[in-house]
Amino acid sequence: MSKTIAVIPGDGIGPEIMTATLRVLDALDCGLEYDFAEAGMIALDKHGDLLPKDTLDKIARHKVALKGPLTTPIGGGFTSINVTLRRHFDLYANVRPAISFPGTKSRYDNIDIITVRENTEGAYLAEGQTVSEDGEVAQSIIRNTRKGSTRIVRYAFEMAVKKGRKKVTAVHKANIMKTSSGLFLNVAREIAKEYPQIEFNEMIVDNTCMQLVMKPEQFDVIVTTNLFGDILSDLCAGLVGGLGLAPGDNIGEHAAIFEAVHGSAPDIAGKGIANPCALLLAAADMLDHLGMVEKGTKLRQAIRDTMTNDRDSVTPDLGGKGSTESFGEAIARRVKG
Ligand code: NAI
Ligand code: MG
């Protein structure tokens, strides 16, 4: 049975890494059909709209999208397209795996951490940000809800069970932010009781930063609120060698958008040297999400094997002399085998 997904190639290096990714998905033979949609600068130029309604309709219809990076023009009052997409589809879970790969500049080789970040509330509310008339006092609010905390913590535990993970760490600052972080922590403790097979622990966010840098192998799944998750997931990406290997999954009840964490990389766009792996790893997560877990695992293994054995084909950011195309082709050959 074939499944159709929305495909948004995006701006800058987006079309290059998307072409490589789709070639690999075709080689994997997972029966996917692609419904191409436009967003970002390319859509602004063609249709006068950064995020055309047709693109939103396609995501809503297919419920799953694979998305390249989008450039939000600076100035002109444009809101980030990524933030708009997240709000429009209520993509409350931002899932960011950080896994060690061979042949990177990372100082660790045994990291496998998934950060599950709440994506819709916490400290990132659009409303409630005020500055006093004299400009002397600025304030913003942090709002966590029981509903928001419950759904993100439950997502983390359900994901842990499904993926056979052993431990969930709830990261908080409830010792100081007693109400907002306290609510999140209480909900995490309650829900943890429903999953006795998963080890649960809690950790204060500043200590977590230190522990991640000193002893990252103690972490498995991290669940946390919006601001802490934003920071900690970038820290984790840094632990495994940076942006070229960091996928970001945005999951909601009614839609899911899979993308690379990095942006459109205008400095290398059109040169054919962008690393396609972050988008490929997002595609592997998408295959898991679509119930094709074996295919997702095979794709991750092919990336790993290529990085170990096909050093000539890998892109310059990983120390190779290859191109987006040669890297993609080498991975495609391995998933076929
Ligand atoms: P960036 O992630 O595009 O680039 C940062 C640095 O990493 C650059 O030196 C770039 O060459 C390198 N890099 C990024 N991806 C790479 C890859 N796959 N292979 C090899 N090198 C890679 O961040 P920057 O420059 O801050 O943002 C550029 C544009 O991207 C901005 O317009 C921003 O709004 C947008 N952006 C979009 C995102 C999205 O759609 N999810 C996320 C982040 C930024
Ligand atoms: Mg961030």
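Confidence in the prediction can be stated briefly: the mean pLDDT of the chain is 94, with 100% of its residues at 70 or more. The model as a whole scores ipTM 0.98 and pTM 0.93.

Helix α11 also shows a clear pattern of burial. Its buried residues are Thr324, Phe327, Gly328, Ala330, Ile331, Arg334 and Val335. These residues cover an arc of only 160 degrees around the axis, which puts them on the same side of α11. Their packing partners are α1 (14–28), α9 (277–289) and α10 (293–309).

Buried in α8 are Asn226, Phe228, Gly229, Leu232, Ser233, Cys236 and Ala237. Viewed down the helix axis, the buried residues of α8 fall within an arc of 160 degrees, and they therefore line one face of the helix. The cover over this face includes the strands β4 (93–99), β5 (112–118), β8 (167–172) and β10 (221–224), together with helix α7 (205–214). Just after α8 comes glycine 241, whose phi is positive, at about 110 degrees.

At the level of the whole chain, two domains are assigned. Domain 1 is made of residues 1–94 and 246–337, while domain 2 covers 112–239. Their centres, taken over C-alpha atoms, are separated by 26 Å. The contact between them draws 9 residues from domain 1 and 11 residues from domain 2. On the domain 1 side, the residues touching domain 2 comprise 5 nonpolar, 2 polar and 2 charged ones.

Glutamate 199 lies in strand β9, which spans residues 199–204. It has 14 C-beta neighbours inside 10 Å and so counts as partly exposed, since that class lies between the limits of 12 or fewer for exposed and 20 or more for buried. Beyond its neighbours within four places in sequence, glutamate 199 is in contact with Lys166 and Lys167. Valine 137, by contrast, is 62 residues from glutamate 199 in sequence and 43 Å from it in space, C-alpha to C-alpha.

Note on methods. Residues numbered from 1 in each chain as written. Chains lettered and ligands numbered in written order. Predicted model: local features only at pLDDT ≥ 70, side-chain atom pairs only at ≥ 80, totals over all residues. pLDDT = per-residue confidence, 0-100. Helix = DSSP H or I, 4+ residues; strand = E, 2+ residues; numbered from the N terminus. Arc of directions from axis to C-beta. Contact = placed C-beta atoms within 7 Å. Domains from an automatic or database assignment. Nonpolar A, V, L, I, M, F, W, Y, C, P; charged D, E, K, R; others polar.
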